[in-house]
Each structure stands twice: as structure tokens, then as C-alpha cells.
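Thank you all for coming; I would like to take a few minutes to go through one model with you, beginning with a single side chain and then widening the view. Please have the sequence and the structure open while I talk.

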Amino acid sequence: MRTFIKNTLGITLLLAGMGLQAQDRTLDNYRQPDKNGLNVFEAPKDVTTTFDGVKVRIGGSSTLQYQSLEHSNSGAVPLKEIGTNFNLATANLDLDVALFDGVRMHLRTYLSSRHHPEPYVKGGYFQIDKLDFINEGFMEDVMQYVTVKIGHMENNYGDAHFRRTDNAQAIYNPFVGNLIMDAFTTEVGGEVYFRKNGFISMLGVSNGKLNQDVSETNGKTGGASFLAKLGYDKQATEDLRYRITGSLYTTGYVPNSYLYTADRAGSRYYYVTENNEARASSNFRSGRYNPNMRNQITAVMINPFIKYGGLEFFGTLEHTTGKASTETSKRKATQYAGEVIYRFGKNENAYLGGRYNVVDAEEMSGDDINISRFQLGAGWFLTKNILTKIEYVNQQYKDFPTTSILNEGEFKGLMVEAAISF
């Protein structure tokens with residue numbers, strides 16, 4: 001069955017590739033998957049329409065890394081021996097469809113990923129920017145500011161997820177790795193946006209579940225997650241743009257919160273600080289941190305963004321509280337990250353940048369731990385669809401108990417990545 005699926009998808013991509021030259025690939029209210037999508041957050045809102053019938057846009061991405069990392073710890077728990085070589089090549093298949101004037105669908109399939117070598121669907125959604133399917137011009141005075149998204153989709157918590165690597169879609173990320181506490185989840189729900197004169201607001205609700213099923217636990221099939229975002233985004237002058245948003249993700253009781261573990265695509269840093277039994281698919285979160293607030297969680301993220309000419313700053317301040325059902329009191333975890341990027345050359349096709357990322361957290365064991373990471377990177381857009389990156393990374397673990405594999409843990413070295421997206 002897996003062979004059949006892979007062959008079918010391969011034929012689909014081949015046929016798509018043959019037709020790309022003739023395909024009109026522009027869609028309304030759509031974030032481009034190439035260099036033109038840099039520093040775009042929510043998909044743009046534009047009431048001007050180009051719709052002239054159902055249009056299918058077939059796209060995708062492919063990414064490959066060369067890893068040269070070394071790791072160490074106190075020696076209490078032996079580490080897996082790692083060397084220098086290529087990681088698994090990852091690939092995405094994207095279908096974006098203009099279904100009606102102001103109505104669009106998105107579907108992403110991971111063709112290969114670290115956690116799942118076989119294809120599987122990440123998620124998808126409907127995006128509604130007009131209600132002309134009810135009646136032409138219906139509520140157009142309201143819908144010029146409103147967008148509705150519904151689906152089993154990547155929830156819009158924070159702005160960091162717009163700059164992260166999503167399996168093979170690595171064009172938007174100036175570095176190779178994502179944040180240490182990588183907030184990303186896909187849940188069934190809906191989000192309503194209101195945008196006017198640079199102000200951004202969003203309210204959303206989802207069922208709080210990564211894996212969908214109807215099984216009952218203690219008389220419940222699940223819980224609920226609530227999302228909110230408020231911010232301001234302004235192109236003040238030709239050279240200066242600034243944006244700041246605050247976001248909220250909170251649950252009542254849920255069987256298992258996946259806010260920091262939902263990325264099944266996996267970390268870019270293979271096997272770091274893992275033991276001898278580690279496997280790429282089962283130990284796919286290497287280098288990340290999950291605060292294990294499994295049943296109740298409230299997370300707040302503030303993201304400032306400033307771009308002046310070729311110089312840009314993006315920051316993350318995140319504070320999370322919550323607990324597992326076995327705990328009587330809540331714990332907290334705090335994450336700080338700041339990245340400075342300088343883009344230069346013709347059309348800003350090259351860049352240099354650095355990111356510093358820190359996590360301070362209270363463990364279920366009662367230990368207060370600290371993780372810090374420094375990344376120094378450079379990249380070159382060969383074309384708007386092809387990006388090459390090189391990164392030096394150094395991550396250190398402090399205050400973990402002596403019995404932990406992370407006690408006095410560290411990994412460091414070089415990563416080289418090539419990313420294609422179209």
C-alpha cells in the first residue's frame with residue numbers, strides 16, 4: 001500500500017511539474033511559498049479578486065541537510081555515537097485551490113519526514129474572505145475586513161510559527177533549527193480575523209486534539225482550546241516596517257496537550273543528546289524541550305518585528321503555565337528568543353544573522369532547568385525558489401539532575417541545508 005501511495009504521488013508530482021510553465025500560479029489572499037513569502041505572517045487580505053473559475057495550484061518543497069555536530073554530557077548516561085553525513089531528505093506536497101470568489105482551500109501532505117518516512121497529511125483548511133457564495137456582495141462591508149479559517153489546521157498561536165521550518169518548507173526560516181520550545185500544533189477548529197488600518201485581531205477555538213478520534217475517557221471525547229491574537233502591523237515608510245502581536249493559547253482540561261510536541265516532522269538536529277538506542281523516527285524531537293504540561297496549559301507569546309532596509313529583528317517572549325493531571329499545582333516555563341538578520345545584495349538575495357534562545361522551566365521533578373542556544377547563520381537565494389544555508393549552533397543544558405542524560409549536556413557544530421520551494 002505504501003509503495004502504491006508513493007508511486008501515485010510521484011506520478012502526480014511529475015505531471016504537475018510538466019504543467020508548471022503553463023500554470024497561472026497566482027491566487028488571491030495567499031502567502032507565496034518562495035522568497036516572496038518572507039516576512040509575511042497571516043495570508044494577506046485583499047478584496048480585489050482575480051477569480052475566473054476553479055483553479056488548482058500544485059506546489060511543494062524539498063529540503064536536505066548535511067550535519068556535522070558533536071555532543072557531550074556528564075557521562076552518567078552514555079550518548080549515541082554520531083558523525084558527519086547527510087540527514088533524510090524531506091518533501092512536502094501542497095494543493096491550494098481557488099474554489100469560488102473569496103473561498104480558498106489549502107492541503108499539505110508530508111511526502112517524507114523524520115518521524116514518518118511514508119506520506120501522510122499534515123492538515124488543511126478553508127479560507128473565506130468573501131460571502132459571495134451566499135449572494136453576490138453579501139455583507140461585503142464587513143468581509144472587506146474579515147477572514148474566516150476552518151479546518152484541521154496549523155493553529156495561529158504566536159508569530160514564531162510563521163518563520164519556522166515546516167518539514168520541507170524551510171524557505172521562511174533564516175536558520176536551520178526552530179526554537180527550543182517549538183510551539184506548533186494542528187487541531188480541528190476555526191479562527192475569525194478582523195484586520196483594518198494595520199490592526200490585527202483573531203479569535204479561535206479548536207477541539208484540543210492532535211489525533212482525531214471519538215474514544216471516550218472518563219465520559220469525554222476531548223476538550224477545547226481557545227486562541228486569541230491582537231497586534232499592529234505598519235509599513236511606516238518605504239524602508240521601515242514594524243509589527244507587534246500578543247497571542248494566547250489556553251485549554252480547560254484536555255486528555256493530552258500537544259502544543260510543544262505536535263510537530264511530527266521532527267527536529268533538524270539528528271540524535272543530539274540521545275542514548276544508544278535512539279532511532280531517527282522514534283526520537284525525532286532531538287534538541288527540543290517539552291514542559292510536559294499535558295492536561296492544562298495556558299501560553300502567552302509576544303512577538304516584536306522590525307525591518308529597516310535590509311536589517312530586521314524578530315523577537316519571542318513566551319510564558320507558559322500548566323500541569324499534568326497527576327500534579328496538584330501548576331508549573332511555569334519561560335522562553336526568550338531574539339534574532340537579528342541583515343539581508344543584502346541584489347534584491348536582498350543574501351543574508352547573515354544570529355539568534356539567541358533561552359528556556360527556563362520548572363520540571364515535574366521539582367528541578368529548575370535552563371537551556372540556551374546560540375545560532376549563527378548565513379544564506380543565499382540562488383533563485384526565489386532555491387535557498388542554501390549554513391549554520392553554526394551551540395546548545396547547552398544546565399541544572400538537569402545527575403541521573404538525566406541532559407546533565408551538563410551540550411551539542412555544537414555546523415549544519416548545511418538546501419531548500420527548494422515552489
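**Buried charges, cavities and pockets**

Let me begin with Arg243, which is buried, with a relative accessible area of 4%, where buried means under 20% relative accessible area, exposed over 50%, and partly exposed in between, computed with a 1.4 Å probe and protein chains only. Before I go on, please keep in mind that this is a predicted model, in which local features need pLDDT of at least 70 and side-chain atom pairs count only at pLDDT 80 or more, while totals for chains, interfaces and linings use all residues. Residues are numbered from 1 along each chain as its sequence is written, and side-chain values use heavy atoms, with hydrogens and water left out.

What does the side chain of Arg243 meet in a salt bridge? The partner is Asp159, at 2.9 Å from N to O, a salt bridge being a side-chain nitrogen of Lys or Arg within 4 Å of a carboxyl oxygen of Asp or Glu. This pair links distant parts of the chain, since Asp159 sits in the loop between E6 and E7 while Arg243 belongs to strand E10, 84 residues apart; helices (H or I, at least four residues) and strands (E, at least two) are DSSP runs, numbered from the N terminus. Asp159 counts as buried as well, at 0% relative accessibility.

Taken over the model, the count comes to 27 salt bridges. Among the residues linked in a network of salt bridges are Arg163, Lys307, Glu312, Glu339, Arg343, Glu348 and Arg355.

I turn now to the empty space. Rolling a probe the size of a water molecule over the atoms shows where such space is left. On a 1 Å grid over the protein atoms alone, a cavity is a set of points where a 1.4 Å probe fits but cannot get out, whereas a pocket is an open set with protein on both sides within 12 Å along at least five of seven lines, and lining residues have an atom within 4 Å of a point. Grid points are joined across faces, edges and corners, and a volume is the space filled by probe spheres set on the points.

How many cavities of 30 Å³ or more are there? There are six, and the largest cavity holds about 610 Å³ of space. It is lined by 31 residues, of which Arg31, His106, Tyr125, Glu154 and Phe162 are the closest to its centre. Strand E3 (90–100), E4, E5, E6 and E7 each supply at least two residues of this lining, which by class has nine nonpolar, ten polar and twelve charged residues. In this scheme Ala, Val, Leu, Ile, Met, Phe, Trp, Tyr, Cys and Pro count as nonpolar, Asp, Glu, Lys and Arg as charged, and the others, Gly among them, as polar.

The second largest cavity has a volume of about 140 Å³. Its lining comprises 16 residues, with Asp28, Ala98, Phe100, Gly102 and Val103 nearest its centre, and the elements that give two or more residues to this lining are E3 and E4.

Among the pockets, the largest has a volume of about 460 Å³, and of its 21 lining residues the closest to the centre are Glu274, Arg285, Ser286, Arg288 and Leu406. The lining of the largest pocket divides into eight nonpolar, nine polar and four charged residues.
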